[in-house]
Amino acid sequence: MDVAVVGCGPVGLTLAALLGEAGHSVVAFERYPGRYGLPRAASFDGETMRTFAGLGIGGELGLHPQKTYEWRNGAGELLIAMDCPEAGPSGWPDLAMFHQPSLEHALHARCAAMSEVDVRYATTVTGLDQHEDHVTLRTDHGGPVSARYVVGCDGGNSFVREALGIGQDDLGFAEPWLVCDFALRRPAAELGLPSCLQIGDPAEPTTVLTTGARRQRFCFMLEDAGEIEEHRTEQDAWTRVARYLSREEADLERVATYVFRSLVAHRWRERRVLLAGDAAHQMPPFLGQGLCSGVRDAVNLAFKLDLVLRGGWDGDVLDTYQSEREPHVRGVLATSMELGRQHTLRDPALARERDARLVARRGALGAPERISLPDLGPGLLGRGGGGLSVQGRAGDGRRTGRLDDLVGGGFRLLVTEEALPGLDLAALGAAGVEVVGFGRRPGGPVVTDPDGTHRRWLAGLGAAAAAVRPDHYVFAAGADARAVAAELLAVLAGRG
């Protein structure tokens with residue numbers, strides 16, 4: 001096989017689907033006999049949805065877009081209000097809730113439809129041996145399997161990470177929580193349930209989320225990790241949600257206890273074996289970025305593995321995976337941990353100080369805040385690269401839709417119409433670069449930009465052109481379109 005994926009959660013299945021779509025042979029192992037079937041992750045952002053839409057499963061996820069993300073104190077006073085547009089910079093809702101079993105079903109169906117992908121449930125990987133040009137995996141079912149590369153997407157208790165002897169950096173956040181998921185008998189709005197709310201009550205920090213048309217999640221902080229087993233009961237769940245729900249209004253789907261942690265693996269690559277998702281990093285859920293970070297890992301790895309497997313690039317390009325992704329992950333982790341620490345203050349005096357500070361800050365801002373994420377770290381990037389590109393509506397003369405729907409994926413050069421005449425379109429096309437010009441009339445490489453989204457974005461960069469990678473991050477941008485194109489052609493021709 002080209003790639004073996006260990007772990008068939010959303011991250012592993014996303015990676016397998018992306019690689020299969022690129023034409024690579026993939027085997028994916030999952031130790032459990034089937035998909036988990038119960039909700040765990042509950043939210044993702046527009047960038048993540050852009051990935052799923054690119055795999056053709058966007059319409060199957062039953063998304064519940066969140067328009068706002070609020071923080072209130074125990075008395076109900078508004079502390080933080082975040083605005084979450086239904087069409088954010090990536091062309092999808094900035095924050096959307098989902099039902100994880102539906103996502104896993106859609107991803108599995110996408111993989112099952114590809115002859116290149118072989119998903120094997122009830123198969124535990126028990127050992128791995130690295131060789132010069134491949135890795136051999138041993139399992140508890142059947143003979144050994146060889147692959148050119150292996151990616152461990154096997155969660156926080158990763159066998160792959162342990163087998164490689166890779167330690168973790170503990171950033172010092174560890175909080176015990178009770179998580180309860182309910183299937184509602186009426187829509188959440190009719191029951192008056194909060195849509196997306198963090199309650200900073202020192203007596204019991206709480207999170208309340210509407211995760212679907214008739215689904216609701218409640219999270220309650222526990223006093224200490226020693227309570228985890230004691231409170232993992234249906235009775236405890238119903239007692240805690242009594243102020244919000246009655247047994248006549250909902251059915252309890254799941255009650256679970258977790259210790260939310262902040263961990264980063266020391267190494268994400270050991271020769272031909274790599275780590276992704278929770279195997280590489282774990283973060284508290286206060287920014288809703290855990291699953292998103294894992295999917296970003298998968299997209300980053302997928303296009304770089306494709307360059308190596310299909311494009312003949314040196315395997316060293318895979319070292320840019322951790323150099324790019326780890327600073328991004330650590331930036332998101334820092335914000336998530338700070339939100340978590342503020343949310344979980346148990347000292348009433350400190351909580352009152354927090355409330356006063358946040359109320360004053362909200363008044364000074366005078367408008368809802370927006371969630372902001374860091375750029376990538378150094379790696380496969382040129383001048384001005386590392387930020388996420390935008391996706392707005394575009395038109396090709398026959399239809400108008402999101403840019404991805406019109407021009408597909410891969411490497412792209414996004415330019416103003418005025419910059420097109422100086423470009424060597426034949427050389428860019430031969431290198432596999434899709435050139436997209438934004439102008440008034442569609443034709444050839446030119447599409448319309450009816451809302452001005454793309455031209456405003458380029459202007460904000462001070463650029464006439466932006467070279468964009470398959471993961472939608474900017475490789476390079478600048479006012480001289482020919483120089484940007486030449487920089488992209490040089491790195492593609494040089495194969496890393």
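## Helix packing and sheets in a predicted model

Helix α2 is followed by G56, whose phi is positive, near 80°. The model is a predicted one, in which local features need pLDDT of at least 70 and side-chain atom pairs count only at pLDDT 80 or more, while totals for chains, interfaces and linings use all residues. Residues are numbered from 1 along each chain as its sequence is written, and side-chain values use heavy atoms, with hydrogens and water left out. Helices (H or I, at least four residues) and strands (E, at least two) are DSSP runs, numbered from the N terminus.

**Helix α2 and its surroundings**

Helix α2 (residues 46-54) is mostly covered, with seven of its nine residues buried, where buried means under 20% relative accessible area, exposed over 50% and partly exposed in between (1.4 Å probe, protein chains only). The buried residues are G46, E47, T48, M49, R50, T51 and F52. These buried residues pack against α1 (10-21), β3, α3 (100-112), α6, α9 (403-407) and β23 (412-416), contact being defined as heavy atoms within 4.5 Å.

**Two helix pairs that share α6**

Two packed helices are described by the angle between their axes and the distance between the axes. Axes here are lines fitted to C-alpha atoms, for helices over the stretch in contact, and angles run from 0 to 180 degrees between N-to-C directions. The table sets out the two pairs in which α6 (residues 290-309) takes part.

| Pair | Angle | Axis distance | Handedness |
|---|---|---|---|
| α2 and α6 | about 50° | 9 Å | left-handed |
| α6 and α7 | roughly 160° | within 10 Å | right-handed |

Angles under 35 degrees count as roughly parallel, over 145 as roughly antiparallel, 65 to 115 as roughly perpendicular and the rest as oblique. A crossing is left-handed if the near helix is turned anticlockwise from the far one by less than a right angle, and right-handed if clockwise.

With their axes 9 Å apart, α2 and α6 pack at an angle of about 50°, which makes α2 oblique to α6. In this contact, E47, T48, T51 and F52 of α2 meet C292, V295, R296 and V299 of α6. By class, the contact of α2 with α6 has four nonpolar, two polar and two charged residues; Ala, Val, Leu, Ile, Met, Phe, Trp, Tyr, Cys and Pro count as nonpolar, Asp, Glu, Lys and Arg as charged, and the others, Gly among them, as polar.

Helix α7 (residues 319-343) crosses α6 at roughly 160°, and the two helices are therefore roughly antiparallel to each other. On the α6 side the contact involves S293, R296, D297, N300, L301 and K304, which meet T320, Y321, E324, R325 and H328 in α7. The residues of this contact divide into two nonpolar, four polar and five charged.

**The sheets**

Strands of a sheet pair through backbone hydrogen bonds, either parallel or antiparallel. Two strands are taken to pair if DSSP finds at least two bridges between them. Eight strands form an open sheet of mixed pairing, in the order β6-β5-β14-β15-β16-β13-β17-β20. Strands β6 and β20 (281-282) stand at its edges, each with a single partner strand, so one side of each is left without a neighbour in the sheet.

Strand β6 (residues 78-83) is mostly covered, five of its six residues being buried. Strand β5 (residues 68-73) pairs with β6 in the antiparallel sense over five bridges, and the bridge partner of Y69 in β6 is M82. The hairpin of β5 and β6 has four residues between the strands, and G76 takes a positive phi near 90° in this hairpin.

An open sheet of three strands has the order β3-β7-β4, with antiparallel pairing. Its edges are β3 (43-44) and β4 (64-65), each with a single partner strand, so one side of each is left without a neighbour in the sheet. Strand β4 pairs with β7 (residues 96-97) over two bridges, and P65 stands opposite A96 in β7.
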